[in-house]
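Here is a short walk through one model, covering a pair of helices, a residue in one of them, and a sheet. The sequence and structure come before the discussion.

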Amino acid sequence: MKKSLDLSPNKEIDWALVLRNKGLRATQNAIAVTGLLATLKLPLSHDEIHLELAKQSSKEEIDSVTLYRILDRLHQVGLIEKTLGSDRIWRFRSANEKALEYFECGSCHQHFNLPAKSPLLEIIENLNSQLKNQEMADFAISLSVQGKCKDCKSHA
């Protein structure tokens, strides 16, 4: 897990300042994308992010190429994580160390948070602590559990 921002619900975050501190331009689009991803509990694909931004904005829609570039830059500076799903689609989420890992349905490709008390999460925390104790830096630990969700299982 990467060290990240405190994204507590009670804390107001100045995304323009965060972006500038990471060496990025604080454009309206970059601020909107960063703010959106910080509110999500599960990773979204480029297309899903594009749709969410369109729903939230009364302004001109961000074009697809600009969104790809913003996501790439945010990932490069460690503000977001990206994972490749079993459907070969990249999904993005905020690089929040409190984010839960998830289960991905191999049929419908929906994502579900793993239970907060999952033993897998304890293993990840243990590994994270061991790496920090060995003075490792800028590492990421990611876990994806795949299978069939209850809806797809019942339709099989």
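**Helix packing and sheet**

Helix 2 and helix 4 cross in the right-handed sense. The model is predicted. Helix 2 spans residues 28-39 and helix 4 spans residues 64-76; their axes come within 10 Å and cross at roughly 65°. On the helix 2 side, the residues that meet helix 4 are N29, A30, V33, T34 and L37. Their counterparts in helix 4 are T66, L67, I70, L71 and L74. Sorted by class, this contact of helix 2 with helix 4 comprises seven nonpolar residues, three polar ones and no charged ones.

Is T34 buried or exposed? T34 has a relative accessible area of 5%, and because buried means under 20%, T34 counts as buried. A polar atom of the T34 side chain lies 2.7 Å from the backbone oxygen of A30. When neighbours within four places in sequence are left aside, T34 is in contact with W15, L19 and L74.

Strands of a sheet pair through backbone hydrogen bonds, in either a parallel or an antiparallel manner. Here three strands form an open sheet in the order 1-3-2, and the pairing is antiparallel. Strand 1 (44-45) and strand 2 (80-84) are the edge strands, each pairing on one side only. Two bridges link strand 1 to strand 3 (residues 90-94) in the antiparallel sense. S45 has R91 in strand 3 as its bridge partner.

How values were computed: Residues are numbered from 1 along each chain as its sequence is written. This is a predicted model: local features need pLDDT of at least 70, side-chain atom pairs count only at pLDDT 80 or more; totals for chains, interfaces and linings use all residues. Side-chain values use heavy atoms; hydrogens and water are left out. Axes are lines fitted to C-alpha atoms, for helices over the stretch in contact, and angles run from 0 to 180 degrees between N-to-C directions. Helices (H or I, at least four residues) and strands (E, at least two) are DSSP runs, numbered from the N terminus. A crossing is left-handed if the near helix is turned anticlockwise from the far one by less than a right angle, and right-handed if clockwise. Contact means heavy atoms within 4.5 Å. Ala, Val, Leu, Ile, Met, Phe, Trp, Tyr, Cys and Pro count as nonpolar, Asp, Glu, Lys and Arg as charged, and the others, Gly among them, as polar. Two strands pair if DSSP finds at least two bridges between them. Buried means under 20% relative accessible area, exposed over 50%, partly exposed in between (1.4 Å probe, protein chains only). A polar contact is a pair of N or O atoms within 3.5 Å; within protein, one must be able to donate a hydrogen and the other to accept it, and residues adjacent in sequence count only if both atoms are side-chain atoms.
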